[in-house]
Amino acid sequence: MTLKIAPTGEACGAVVRGVDLTQPLAKETVDEIRSAWLDHLVLVFPDQEMSDEDLERFTLYFGPFGDDPFIAPIDGHEHIIAVQRAADETAPIFAESWHTDWSFQESPPSGTCLFGITIPPSGGDTLFSNQYLALEHMPSELRSRLEGRKAVHSARNAYAPGGMYGEADKENGRSMTIIASSDAEATQTHDVIRTHSETGQETLFGAAGYITGFEDMTDDEGWALLTELYRWQTRQEFQYRHKWRENMLVMWDNRCLLHMATGGYPGHARLLHRTTIGAT
């Protein structure tokens, strides 16, 4: 089996053909996919009519399942969540802010796999931002204020009872089953600049989606720095805009990327199934 890997020509991402993900993969093929994943950060596999079992098998090639809190899994598959939106839904778009999946955990997932099942004819793109590049091109003055600093991550603004997806959100008729909890108030610290566990490259980690401040800084000081960091790390030149199709699998590296959902498909249903690859 020979993989055909075509870079997107944007700040990250590549399209992979020549592999059937509905079948078990040889170790050599998995190794080749992992190498491409580390090189391109986002891999796109079009034309894959995968079942939930296929999605689970593929995920486990790259690590254990991650722990997915606050969102109910689909029936019969405790490690798959449905990222869905009904055609007539009026709730705010889910995950429409830059973030790194579950960065508030002690050991956040190394990757995410997302499979397109029902895709609107337009809209619903996913944006990615390459944090290797953001750090590499960062002004030295900003970098000097981030060196050695730890960010405080928390899910409270999203999943606490008073958060965006908390009690008030239930009145919006959201089709996803989100389980708000006081557990979301917990905090976890991570280095803002850290070394990728597999590539050994330095990267920025996390964004204002889950970062609530910085250790040893006042709220006002922390907010000012967080805002400046956010504006830099989400600049257009660091981005790849992914357009979805049905039967398309996308996997990405949470250790060196930010991502966010977008809307633009009123009147159309959307359904994708997602797994996370646990920390390795």
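Strand β8, residues 150-154, is largely enclosed by the rest of the structure, because 4 of its 5 residues are buried. Keep in mind that this is a predicted model. So who are the neighbours of β8? On one hand there's strand β9 (residues 187-191), joined to β8 by 5 bridges and running antiparallel to it. On the other there's strand β12 (residues 211-214), also antiparallel, with 3 bridges to β8. His153 is a handy residue to look up here: it stands opposite Gln188 in β9, and its bridge partner in β12 is Ile211.

Now move to the open sheet. Eight strands, or 8 if you're counting along on screen, line up in the order β1-β2-β3-β14-β6-β16-β5-β4, with mixed pairing. At the edges stand β1 (4-7) and β4 (73-74); each has a single partner strand, so one side of each is left without a neighbour in the sheet. As a bit of background, strands of a sheet pair through backbone hydrogen bonds, either parallel or antiparallel. For a worked example, take strand β3 (residues 42-45) and strand β14 (residues 249-253): they pair in the antiparallel sense over 4 bridges. Find Val42 and you can look across to its bridge partner in β14, Trp252.

Helix α2 (residues 52-60) packs on it, touching β3, β4, β5 (77-85), β6, β14 and β16, and its direction makes about 30° with that of β16. Helix α1 (residues 27-40) lies across β1, β2 (14-17), β3, β6 (111-118), β14 and β16 (270-277), and runs at about 125° to β3. Which residues of α2 are buried? They are Asp54, Leu55, Glu56, Phe58 and Thr59. What do the buried residues of α2 pack against? Their partners are α1, β3, β5, β6, β14 and β16.

Time for the aromatic rings. Searching the whole structure turns up 16 aromatic pairs. One of them is Phe128 with Tyr240: the ring centres are 6.0 Å apart and the planes sit at 15°, so the pair is stacked. Phe128 belongs to strand β7 (residues 126-130) and Tyr240 to strand β13 (residues 239-242), so this pair ties together parts that are 112 residues apart in sequence. Phe128 counts as buried, at 0% relative accessibility, and Tyr240 counts as buried too, at 6%.

There's also an aromatic cluster to pick out, formed by Phe70, Phe94, Trp102, Phe104, Tyr159, Tyr165 and Tyr210. And if you'd like to see a charged residue with a ring, go to Arg194, which lies over the face of Phe205 at 3.7 Å from the ring centre.

Last stop, the cysteines. A disulfide is a covalent bond between the sulfur atoms of two cysteines. How many disulfides does a search of the whole structure find? The count is 0. Take Cys12: it is in no disulfide, and the nearest cysteine sulfur, that of Cys256, is 8.3 Å away. Seen from the other end, Cys256 is in no disulfide either, and its nearest cysteine sulfur is that of Cys12. Are these two buried or exposed? Cys12 is buried, with a relative accessible area of 5%, and Cys256 counts as buried at 0% relative accessibility.

Terms used:
Residues numbered from 1 in each chain as written. Predicted model: local features only at pLDDT ≥ 70, side-chain atom pairs only at ≥ 80, totals over all residues. Heavy atoms only, no water. Phe/Tyr/Trp six-rings, centres within 6.5 Å; stacked < 30°, edge-to-face > 60°. Helix = DSSP H or I, 4+ residues; strand = E, 2+ residues; numbered from the N terminus. Buried < 20%, exposed > 50% of the residue type's maximum accessible area, 1.4 Å probe, protein only. Lys NZ or Arg CZ within 6 Å of the ring centre and 35° of its normal. Pairing = 2+ DSSP bridges. Contact = heavy atoms within 4.5 Å. Axes fitted to C-alpha atoms, helices over the stretch in contact; angles between N-to-C directions. Disulfide = S-S within 2.5 Å.
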